[in-house]
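Thanks for coming, everyone. Please have the sequence and the model open while I talk.

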Amino acid sequence: MYHISKGLMIEKDSCEAAFKSYKDAIMLSPDICDSPFYRDLSNRYSSLCDKLIYASYSELKERQGISYNSILEAKCGKLLLAMGLLNEAYDVLADVTKTHPGLSRPWYYLGMIECINGNYPVMKECMRKSHYLNPVDYLPLYGLSKYYCAIGDSVNSNRYYQQALMINKRKKSVHSERVERIYNLTTYNDDILPQGYLEYLSPIME
């Protein structure tokens with residue numbers, strides 16, 4: 001959130017510096033590539049956004065060369081998926097699930113690749129594993145909604161979509177989560193961040 005906020009503030013004065021901030025944000029959280037923010041950025045700088053993802057991927061791979069980390073490898077897999085390199089992304093993400101099967105997002109992204117390939121039974125299993133590992137993540141529920149939609153089950157598709165929507169709306173700012181942990185009090189969503197900013201940076205549910 002910090003890096004994107006900084007980039008948006010300096011973008012008009014220094015596009016290069018802004019994209020450096022955007023790259024830092026994507027390296028921390030590659031699913032930003034699926035957000036409304038990134039869609040708007042692509043509309044403004046279509047030719048530069050592909051380079052932005054590649055630059056983020058390249059730097060993560062350099063870090064992997066120094067010291068392997070399964071979480072960084074999972075991020076690389078997501079960025080390969082964002083670049084449209086489905087086979088390469090699948091191989092990387094599948095390896096991550098073997099090394100660290102407790103990470104939920106790699107299972108989700110594997111499920112999305114299976115969805116693109118039309119392999120719906122495997123997609124369903126990947127989404128179920130992702131949801132089991134992280135029940136408060138709305139993306140696996142959204143994936144299950146897409147699965148049931150693909151097989152023509154509109155009732156279950158809508159049910160899972162509504163569950164995903166409900167969880168997505170419950171997101172709190174980092175500040176409010178820390179306040180709640182420290183003082184055990186309930187605080188308002190977006191009590192520090194601008195209203196809707198978290199949704200702007202989060203993956204889109206269509």
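Is Tyr 45 buried, partly exposed or exposed? Tyr 45 is partly exposed, because its relative accessible area is 22%. Here is the scale: buried means under 20% relative accessible area, exposed means over 50%, and partly exposed is in between, with a 1.4 Å probe and protein chains only.

A word on the source. This is a predicted model, where local features need pLDDT of at least 70, side-chain atom pairs count only at pLDDT 80 or more, and totals for chains, interfaces and linings use all residues. Residues are numbered from 1 along each chain as its sequence is written, and side-chain values use heavy atoms, with hydrogens and water left out.

Now the overall picture. The chain has 12 helices and 0 strands. Helices (H or I, at least four residues) and strands (E, at least two) are DSSP runs, numbered from the N terminus. The chain has 206 residues, and 44% of them are buried. Take contacts between residues at least 6 apart in sequence: 52% of these join residues at least 24 apart. Contact means heavy atoms within 4.5 Å.

Next, the rings. There are 8 aromatic pairs in the structure. Rings of Phe, Tyr and Trp (its six-membered ring) pair if their centres lie within 6.5 Å; planes under 30 degrees apart count as stacked, over 60 as edge-to-face and the rest as tilted. Look at Phe 19 and Tyr 45. Their ring centres are 5.4 Å apart and their planes stand at 85°, so this pair is edge-to-face. Phe 19 sits in helix H2 (residues 15-28), while Tyr 45 is in the loop between helix H3 (36-44) and helix H4 (46-66), so the pair ties together parts 26 residues apart in sequence. Phe 19 counts as buried, at 11% relative accessibility.

Here is a second pair. Tyr 147 and Tyr 148 have ring centres 4.8 Å apart and planes at 70°, so they are edge-to-face. Tyr 147 is buried at 10%, and Tyr 148 is buried at 12%.

Back to Phe 19. One aromatic cluster is formed by Phe 19, Tyr 22, Phe 37, Tyr 45 and Tyr 200. Leu 48 touches Phe 19 and Cys 15, leaving out residues up to four places away in sequence. Leu 48 is in helix H4 and is partly exposed, at 30%. From Leu 48 to Phe 19 is 29 residues in sequence, and 8.8 Å in space, C-alpha to C-alpha.

Now for helix packing. How do H4 and helix H5 (residues 70-82) pack? Their angle is about 155°, and their axes are 10 Å apart. Axes are lines fitted to C-alpha atoms, for helices over the stretch in contact, and angles run from 0 to 180 degrees between N-to-C directions. H4 and H5 are therefore roughly antiparallel. That label needs an angle over 145; under 35 degrees counts as roughly parallel, 65 to 115 as roughly perpendicular and the rest as oblique. Residues making the contact include Ile 53, Tyr 57 and Leu 60 of H4, and Leu 72, Cys 76 and Leu 79 of H5.

One last stop: Thr 97. Thr 97 is in helix H6 (residues 86-99). Which residues is Thr 97 in contact with, leaving aside neighbours within four places in sequence? They are Pro 106, Trp 107 and Leu 110. Thr 97 is buried, with a relative accessible area of 8%.
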